[in-house]
Amino acid sequence: MLKKAPKLKYIVKTKTKSNINVRPTSEAMIELLTLIFLSNLAEEAKAKAFEEKSATIRAHHLKAVSKKMLKKARG
């Protein structure tokens with residue numbers, strides 16, 4: 001998972017508006033929050049797959065959990 005961080009940093013930079021300056025500490029905070037969200041999403045999907053007695057996490061597990069996780073993240 002640590003090998004994915006540089007690509008994530010590139011995606012965050014491209015998604016930001018070009019007229020906004022993002023400081024390095026803010027970039028690091030955004031990156032950490034995204035990684036935490038993704039790890040929590042993976043844990044919830046794993047639990048959902050376990051509930052359905054499946055050994056692998058499939059796309060429908062992620063879709064079912066992502067709605068709940070996004071609502072929780074928004075507050």
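These legends accompany several close-up views of a predicted model.

View 1. From the N terminus on, the elements run α-α-α; helices (H or I, at least four residues) and strands (E, at least two) are DSSP runs, numbered from the N terminus. Of the 75 residues, 16% count as buried, where buried means under 20% relative accessible area, exposed over 50%, and partly exposed in between (1.4 Å probe, protein chains only). The chain exposes about 6,600 Å², and carbon and sulfur atoms supply 61% of that area; accessible areas come from the Shrake-Rupley method with a 1.4 Å probe, and for residues only the protein chains shown count as cover. Among contacts (heavy atoms within 4.5 Å) with a separation of 6 or more, 39% join residues 24 or more positions apart.

**View 2. Confidence along the protein chain, given as pLDDT.** This score is the predictor's confidence in each residue, from 0 to 100. Its mean over the chain is 80, and 81% of the residues reach 70 or more. Helix 1 (residues 5–15) has the lowest mean among the elements, 68, while helix 2 has the highest, 87.

**View 3. Helix 2, residues 24–51.** Its 28 residues should span 40 Å at 1.5 Å a residue, and the end C-alpha atoms are 41 Å apart, which agrees; the expected span is 1.5 Å times one less than the number of residues. Look here for the buried residues Glu27, Glu31, Leu41, Ala45 and Ala49. An α-helix has 3.6 residues a turn, so residues three or four places apart point the same way.

**View 4. Lysine 53, in the loop between helix 2 and helix 3.** This residue follows helix 2 and has a positive phi of about 60 degrees although it is not a glycine. Most residues other than glycine have a negative phi. With 79% relative accessibility, lysine 53 counts as exposed.

**View 5. Histidine 61, in helix 3 (residues 59–74).** Here is a buried side of the story: histidine 61 has a relative accessible area of 1%. Its side chain reaches the backbone nitrogen of arginine 58 at 3.0 Å. Leaving aside neighbours within four places in sequence, histidine 61 is in contact with Ala45, Lys48, Ala49, Glu52, Ser54 and Thr56.

**Notes for all views.** Residues are numbered from 1 along each chain as its sequence is written, and side-chain values use heavy atoms, with hydrogens and water left out. In this predicted model, local features need pLDDT of at least 70 and side-chain atom pairs count only at pLDDT 80 or more, whereas totals for chains, interfaces and linings use all residues.

Key. Polar contact = N/O pair within 3.5 Å; in protein donor to acceptor, adjacent residues only side chain to side chain.
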